[in-house]
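Subject: A structure to look at, with notes

Hello,

I am handing over a structure that I have been going through, and I would be glad if you opened it before reading on. My notes on what was found in it come just below.

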Amino acid sequence: MHFKLRSFRPCRALNPYIHCYVNMSENHEPWNQLLIPISIQNLGFIFDGNMTSSLDKNNMVSRSFVVGQQEHPQLASFGKDLDIITVIFKPSGMHRLFGIPMNLFTDRAIDFELVCSTHDKYKVQQILESRTILQRIATIESYLLDRLSHKISYQTNQIEYASRIIFERNGNIPIKRLA
């Protein structure tokens, strides 16, 4: 199994919501990977090749997809010549940018175009038509910055506060401290 894996930092304005962008490319043979349970949500874009996932009953993963936290191990099958970028969100990042509670996506991979707006579908098409990795990242960031301009909910600020405290203390904190 040989492939190229690259990570890119988000711009300063998106840093509170996104850990990084990850690009996987140049895999010249198909391979399978067991994915362990994890609380990370991500938004992915497949530019070439294909993949399947037991998250979606081994169906082909859509060209744009959103994945929620995983509570159970899953198997992903990466096809030959896969070229993909995933946006790895911080705990409340997906909810903040899209207003979608991520618990709806637990142990699921969903076609992003089924849950996004008509305007978002146009932006997804622009992302998928980008040719180089730098153009793709720039188009994704432009799209996410546009989403950021939408109103922040009070609940999102509370979630971000609680998440920051939990991570700073490695989860060792009384629940009533978070209220």
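A residue is called buried when its relative accessible area is under 20%, and exposed when that figure is over 50%. Please keep in mind that this is a predicted model, and that what follows describes that model.

With that cut-off in hand, is D83 buried or exposed? The relative accessible area of D83 is 16%, which is under 20%, so D83 counts as buried. D83 belongs to strand β9, which covers residues 83–89. If the neighbours within four places in sequence are set aside, D83 is in contact with N23, M24, S25, F45, I46, F47, D48 and R136.

Next, the empty space. Rolling a probe the size of a water molecule over the atoms shows where such space is left. The largest pocket holds about 660 Å³, and its lining is made up of 26 residues, with L35, N42, F78, T86 and I88 lying nearest the centre. Which strand gives the largest share of that lining? It is β3, with four residues, while the strands that each supply at least two include β2 (18–25), β5 (51–53) and β8 (74–78), together with β7 and β9. By type, the lining residues of this pocket divide into 20 nonpolar and six polar, with no charged residue among them.

Finally, for the protein as a whole, there are five helices and 10 strands, and buried residues make up 44% of its 179 residues. Of the contacts between residues at least 6 apart in sequence, 72% join residues at least 24 apart. The protein exposes about 10300 Å², of which carbon and sulfur atoms supply 53%.

With best wishes

Key
Residues numbered from 1 in each chain as written. Predicted model: local features only at pLDDT ≥ 70, side-chain atom pairs only at ≥ 80, totals over all residues. Heavy atoms only, no water. Buried < 20%, exposed > 50% of the residue type's maximum accessible area, 1.4 Å probe, protein only. Contact = heavy atoms within 4.5 Å. 1 Å grid on protein atoms, 1.4 Å probe; cavity = no way out; pocket = protein on both sides within 12 Å on 5 of 7 lines; lining within 4 Å. Points joined across faces, edges and corners; volume = space filled by probe spheres on them. Nonpolar A, V, L, I, M, F, W, Y, C, P; charged D, E, K, R; others polar. Areas by Shrake-Rupley, 256 points an atom, 1.4 Å probe, with all protein chains shown as cover.
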